[in-house]
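These are my notebook entries on a structure that I had not examined before. I record what I looked up, entry by entry.

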Amino acid sequence: MRIIGIDYGDSRIGVAVSDPLGWTAQGVETINWRNNIEEPIERIVQIINSYEANKVIVGFPRNMNGTIGPRGEKTDQFIEMLKNKIEGIQIIKWDERLSTVAANKTMTELGVKKSKKKKVVDQIAAVYILQGYLDAMAMKG
């Protein structure tokens, strides 16, 4: 079974998926949205169904001191809405601190132009979030 990784943002949502063995994460797409959160949630449900995923890892933003701020509260609301659409599929909050920073650094190192970064940074952040989860689970055995 595959696992979906999500980097939730105010205007873009990055989505990644694990390989069938749960070893590696690959980017799927970046969902652009503005006002109606129902549209990206429906797209995420389609992705979950198409990959027959049994688990969703959502990057959860915490402040550097570990507290939950306004961004975390918005992410909690998003998770609740998603839960209502995908009953029976486990949703796990995963610490996403620095995932977008790491994604931007990787793209800079690869020479990705600034104009193209915006299109893929959230997808790459979703890969970092999901890969972090997969690696942690592999270490647990």
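Is N35 buried or exposed? I noted before starting that the model is a predicted one. I found that N35 counts as exposed, because its relative accessibility is 76%, and exposure requires over 50%. I located N35 in the loop between β3 (25-32) and α1. I also looked up its separation from T106: the two residues are 71 apart in sequence, and their C-alpha atoms are 30 Å apart in space.

**Entry on helices α1 and α2**

I turned next to α1, which covers residues 38-50, and α2, which covers residues 70-85. I found that their axes come within 10 Å and cross at roughly 50 degrees. That angle makes α1 oblique to α2. I recorded the crossing of α1 past α2 as right-handed.

Which residues of α1 and α2 meet? From α1 I listed E38, I41, E42, I44 and V45, and from α2 I listed F78, M81, L82 and K85. Sorted by class, the residues of this contact are six nonpolar, three charged and no polar.

**Entry on E52**

I then examined the loop between α1 and β4 (55-60), where E52 lies. Its phi is near 50 degrees, which is a positive value in a residue other than glycine. I noted for context that most residues other than glycine have a negative phi. I also checked the surface of E52: it is exposed, because its relative accessible area is 56% and the cut-off is over 50%.

**Entry on V56**

I moved on to strand β4, in which V56 lies. How much relative accessible area does V56 have? The value is 0%, so V56 is buried. I looked up what touches V56, leaving aside its neighbours within four places in sequence. The contacts are I4, I6, I48, L82, I86, I89, Q90, I91 and I92. One of these, L82, is also among the residues of α2 that meet α1. I recorded one distance as well: Q77 is 21 residues from V56 along the chain, and their C-alpha atoms are separated by 15 Å.

**Entry on the two sides of helix α3**

I examined α3, residues 99-109, and found S99, A103 and M107 buried there. Why do they lie on the same side of α3? They cover an arc of only 70 degrees around the axis, which puts them on the same side of the helix. What covers the buried residues of α3 includes α4 (114-140). Just after α3, I noted that G111 takes a positive phi of about 80 degrees.

Leaving aside its neighbours within four places in sequence, S99 is in contact with A125, Y128 and I129. S99 and I129 are 30 residues apart along the chain, yet 6.6 Å separates their C-alpha atoms.

A103 has 0% relative accessibility and so counts as buried. With neighbours within four places again left aside, I found A103 in contact with V121, I124, A125 and Y128. I also looked up W23, which is 80 residues from A103 in sequence; the C-alpha to C-alpha distance is 19 Å.

**Entry on helices α3 and α4**

I finished with the packing of α3 and α4. At what angle do α3 and α4 pack? The angle is about 120 degrees, and the axes are 8 Å apart. The two helices are therefore oblique to each other, and α3 passes α4 in a right-handed crossing. On the α3 side, I listed S99, T100, A102, A103, N104, T106, M107 and T108 as making the contact. On the α4 side, I listed K117, V120, V121, I124, A125, Y128 and I129. By class, I recorded nine nonpolar, five polar and one charged residues in the contact of α3 with α4.

Terms used. Residues are numbered from 1 along each chain as its sequence is written. This is a predicted model: local features need pLDDT of at least 70, side-chain atom pairs count only at pLDDT 80 or more; totals for chains, interfaces and linings use all residues. Side-chain values use heavy atoms; hydrogens and water are left out. Buried means under 20% relative accessible area, exposed over 50%, partly exposed in between (1.4 Å probe, protein chains only). Helices (H or I, at least four residues) and strands (E, at least two) are DSSP runs, numbered from the N terminus. The arc is that of the directions from the helix axis to the C-beta atoms. Contact means heavy atoms within 4.5 Å. Axes are lines fitted to C-alpha atoms, for helices over the stretch in contact, and angles run from 0 to 180 degrees between N-to-C directions. Angles under 35 degrees count as roughly parallel, over 145 as roughly antiparallel, 65 to 115 as roughly perpendicular and the rest as oblique. A crossing is left-handed if the near helix is turned anticlockwise from the far one by less than a right angle, and right-handed if clockwise. Ala, Val, Leu, Ile, Met, Phe, Trp, Tyr, Cys and Pro count as nonpolar, Asp, Glu, Lys and Arg as charged, and the others, Gly among them, as polar.
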